[in-house]
Amino acid sequence: MEELKSDALAEVAAAASSAALKEVEVRWLGKKGRLTALLKGLKDLAPDERKLRGKALNLLKKDLVEAIGSKGAELQRAEVEASTEGEWVDVTLPGIEPAAGGLHPLTQVMEDVEEVFRGMGYHVMDYPEAEDEFHNFESLNIPADHPARDIQDTFYLTDGNLLRTHTSSGQVRAMRNLEPPFRAIFIGRVYRFEATDASHEHTFHQIEGLMIDRNVSVAHLRSSMTQLLAGVFGRKVEVRLRPGYFPFVEPGFELDLRCMVCGGKGCPVCKNSGWVEFLGCGLVHPNVIRAGGLDPSEWEGWAFGVGLSRLVMMKYEIDDIRWLMSGDLRFLRQF
Ligand code: PHE
């Protein structure tokens, strides 16, 4: 009995894994196990001997079950520890800081400008970048054979439409959308097929302003422009008006702004003149009023178009327009 016991316990102690221990258990206590066979054999013995042996065998079985149980728990603990080794997480480690983005300077200034105009009672409209010839040209008093079409080198789309060359393409849309009298601005991306340099880009942004009312004069246009620019820049600005030609305004003007990059001394942005051509403006041409579905004998208006890109350059003293669309993070991270 002692030999049997030390055999069994030695096998339990030698089991190196839960699986090996299971085999030991089956070998001794399974249906065909050694101890099971001995217990089954009891019934063939004489009653006295059966009692004696039965007691000893059951004691052995109890010891064996206990030994297997504690060995099993020990093996399992070791196995769990081994499997989680290398998988643990130190919850006290600092996290990975997410890379936060920012708003593009064009977007920042666009939102500022919208705020200023909203505060002055302007509608803020949004019109398509892919336009038809009617809205970009014809409705603006630029018929198909008009030489003014050459002023704006146009990207044509294969379906006969085009990428708008200016935000003026929204003027007639606004007249048809809004009940006069009204004041509206529309801001967005415009495209021109042209060679690029420090002050020209094929893709840039404009802000269009349009006011339709009765009895609008050049004096009104001039005072509105001065007030608007002061609002946008948050300070007084020096401007000058020159006659300018745009088929959709009469009279038309070029408004120049004292260069804020160099303060008027001369730099690449102002092409050393001290002035930057800042916006085109004028009184809305009667043909455009008519295209907008209004009667020019009753309704008049003024319109202006500003390069938003140029405004951003003035504000942040950026000396090359091509930075804006470059997507260069060294540039963008400064904002
Ligand atoms: N659309 C003109 C341009 O792109 C600017 C402009 C707008 C001029 C409105 C007069 C009136 O240059």
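Me: Which element gives the most residues to the lining of the largest pocket?

Reply: That's β8, with eight residues. Before we go on, this is a predicted model: local features need pLDDT of at least 70, side-chain atom pairs count only at pLDDT 80 or more, and totals for chains, interfaces and linings use all residues. Residues are numbered from 1 along each chain as its sequence is written, and side-chain values use heavy atoms, with hydrogens and water left out.

Me: What makes a residue part of the pocket lining?

Reply: A lining residue has an atom within 4 Å of a pocket point. The points sit on a 1 Å grid over the protein atoms alone, and a pocket is an open set of them with protein on both sides within 12 Å along at least five of seven lines. Here 45 residues line the largest pocket, and R192, Q206, E254, E277 and R310 lie nearest its centre. That lining divides into 20 nonpolar, 13 polar and 12 charged residues. Asp, Glu, Lys and Arg count as charged, Ala, Val, Leu, Ile, Met, Phe, Trp, Tyr, Cys and Pro as nonpolar, and the others, Gly among them, as polar.

Me: Why is the pair of F117 and Y122 called edge-to-face?

Reply: Rings of Phe, Tyr and Trp (its six-membered ring) pair if their centres lie within 6.5 Å; planes under 30 degrees apart count as stacked, over 60 as edge-to-face and the rest as tilted. For F117 and Y122 the centres are 4.9 Å apart and the planes stand at 85°, so the pair is edge-to-face.

Me: And why is the pair of W302 and F304 called tilted?

Reply: Their ring centres are 5.9 Å apart and their planes are at 35°, so "tilted" is the word. Ring pairs link F117, Y122, W302 and F304 into a cluster.

Me: Are W302 and F304 buried or exposed?

Reply: Both W302 and F304 are buried, and so are both F117 and Y122. Buried means under 20% relative accessible area, exposed over 50%, and partly exposed in between (1.4 Å probe, protein chains only).

Me: How do you know that E317 is exposed?

Reply: E317 has 51% relative accessibility, so it counts as exposed. E317 is found in the loop between α10 (308–316) and α11 (329–332). Its phi is near 55°, a positive value in a residue other than glycine. Most residues other than glycine have a negative phi.

Me: What makes a set of residues a nonpolar core?

Reply: The members are buried Ala, Val, Leu, Ile, Met, Phe, Trp, Tyr and Cys residues joined through side-chain atoms within 4.5 Å. The largest such core has 44 residues, and F233, F278, L279, W302 and F304 have the most contacts inside it. α8 supplies the largest share of this core, six residues.

Me: Where are the cis peptide bonds?

Reply: One joins P180 and P181, with omega about 0°. P181 sits in the loop between α7 (171–177) and β4 (182–191). Another joins E250 and P251, with omega about -5°, and P251 lies in strand β7 (residues 249–258).

Technical notes. Helices (H or I, at least four residues) and strands (E, at least two) are DSSP runs, numbered from the N terminus. On a 1 Å grid over the protein atoms alone, a cavity is a set of points where a 1.4 Å probe fits but cannot get out, and a pocket is an open set with protein on both sides within 12 Å along at least five of seven lines; lining residues have an atom within 4 Å of a point.
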